[in-house]
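Subject: Structure handover

Hello,

Here is the structure I said I would pass on. My notes on it follow below.

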Number of protein chains: 2
Amino acid sequence: MNTGHAYKLSAGIADNLVSILEEAIVFLELAPNERLTEEEVAERYGVSRSPVRDALRSLERDGLVLREARRGIWVTPMSLRDFDEIYSCRVALEAIAAEQAARSTNTALKAQLAQVLDAMRAAREAGDARLFFSHDVRGSELIYQIADNATLHRLLKGLEKQALRYRYHLYRRNPGVVDLSLDDTARVFQAIIEGDVPGAYRMEHDLIERIWRETRDAIRDEFGEGRK
Amino acid sequence: MNTGHAYKLSAGIADNLVSILEEAIVFLELAPNERLTEEEVAERYGVSRSPVRDALRSLERDGLVLREARRGIWVTPMSLRDFDEIYSCRVALEAIAAEQAARSTNTALKAQLAQVLDAMRAAREAGDARLFFSHDVRGSELIYQIADNATLHRLLKGLEKQALRYRYHLYRRNPGVVDLSLDDTARVFQAIIEGDVPGAYRMEHDLIERIWRETRDAIRDEFGEGRK
DNA sequence: ATTCACCATACTGTATCCAGTATACAATGC
DNA sequence: GCATTGTATACTGGATACAGTATGGTGAAT
């Protein structure tokens, strides 16, 4: 992970901590339910508690950690319940992101979608999960940028991080799961590039929903139903 | 130091500040674009900068203030652009909230929807905008609770605050705008109570979309197109 | 043996202090 | 007169010191 002193200070310590901790949580280096204390995190990265507090509040907002006043901080547990919540929101929002992206005339950004797809395929071939997901995330980021809706962008970025933890977990257990999505992803990209507005909406909606449906059994087996 | 104890300390100073500042921004007591400094806010409420910092970061995450590193903090400006972004997300999310609420069998909570509607009508009769909106918000809150989806709840709460600032502004200028929604709101509530899942989705979707369409001209006249 | 009260402890919440940077204005050189 | 650079200032970012509370254990009393 980052031994502790390799982060860049340019963007502020708190922002760097957010990135570092996000990645650690998404890629399961910090286990679900693991207890975090501000002091310990501060010590581990050689900073004071102030930026750590800021970072942890930021992670709380994105649902990656839970905080209870004067009680403590924990990495958000994983559960089918949580998974369903995230995906029910993602289905709706990713669909309108694709729709709005298809409406855009920003050909320069649209052209990059094809490159991202190639990179995803290459990473899939190489069997590199983290690389695959980093390209996948870049593709989503591109779509959000093309859609040019800052509010939607912000909401989806938050959901994406949460979703990615589940997707990464599934991928590690069964790398075949990404095959589910690669071809359909290509079709969504194509619809966006061509400006096929209803097509982009429907394909993205159906794609996310299908991934949701087809992976939730594995999530339930692994993490249980969740709170009731 | 801490001379004024007018606020409640029970939930933590920062959380109280969030509520207070949120309300001040939503109800336009703090004008869009107004500059805020941590020290000034701290002094005004008789607290130190620490909880103010926490509160302002929280508001930033909900899009109510903008912060630039070492430059300053401003109340988020209002614009048609911003309005469109918020509503395009709300249309999608409120619809699935209504849908999921219709699926619920929580009759106790559903029963409260009728009471909320009466309270909204009474406030409308009395011409009390803030009371009307407080009941309106309570109705939305109920739907989110019935839908029983914490992630969706969180996202919609954030959007609601931003949307409410525009709605409140419009209401003050023309109280008739709420008539647009009252009867349709009643129908949505009814669909949720009856468990009419597709009906709740469609009616809520169309309701929010119609309010969006029918109010955006007024927003443009008032605040301009926004960033380009 | 069980329960209740007390206390030690460890954490978060808050206050305050220090550092660094962006901005505006003034002074100086061309 | 204009530009450029130095400098003062005011703010946020980060560090540290202090306060208050939740929790777990230990002890005594019943």
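A polar contact here is a pair of N or O atoms within 3.5 Å. By that cut-off, S48(A) makes one in this predicted model: an N or O atom in its side chain is 2.6 Å from a phosphate oxygen of DNA strand D.

Sugar and phosphate make up 68% of the atoms of DNA strand D that come within 4 Å of the protein. Helix 3 of chain A gives the largest share, three residues.

On the fold: chain B has an open sheet of three strands, ordered 1-3-2, with antiparallel pairing. Strand 1 (35-36) and strand 2 (65-68) are at the edges with a single partner strand each, so one side of each has no neighbour in the sheet. Four bridges join strand 2 to strand 3 (residues 72-75), and V65(B) stands opposite V75(B). Helix 3 (residues 49-61) of chain B packs on the sheet and touches strand 1, strand 2 and strand 3.

As for the two chains, a rotation of 180° with 0.1 Å of shift along its axis superposes chain B on chain A, with an RMSD of 0.1 Å. That is the relation of a two-fold axis. In chain B, the C-alpha nearest the axis belongs to A92(B), 2.9 Å away.

Regards

Conventions:
Residues numbered from 1 in each chain as written. Chains lettered and ligands numbered in written order. Predicted model: local features only at pLDDT ≥ 70, side-chain atom pairs only at ≥ 80, totals over all residues. Heavy atoms only, no water. Pairing = 2+ DSSP bridges. Helix = DSSP H or I, 4+ residues; strand = E, 2+ residues; numbered from the N terminus. Contact = heavy atoms within 4.5 Å. Axes fitted to C-alpha atoms, helices over the stretch in contact; angles between N-to-C directions. Least-squares fit on C-alpha atoms with pLDDT ≥ 70 in both. Near = heavy atom within 4 Å. Polar contact = N/O pair within 3.5 Å; in protein donor to acceptor, adjacent residues only side chain to side chain.
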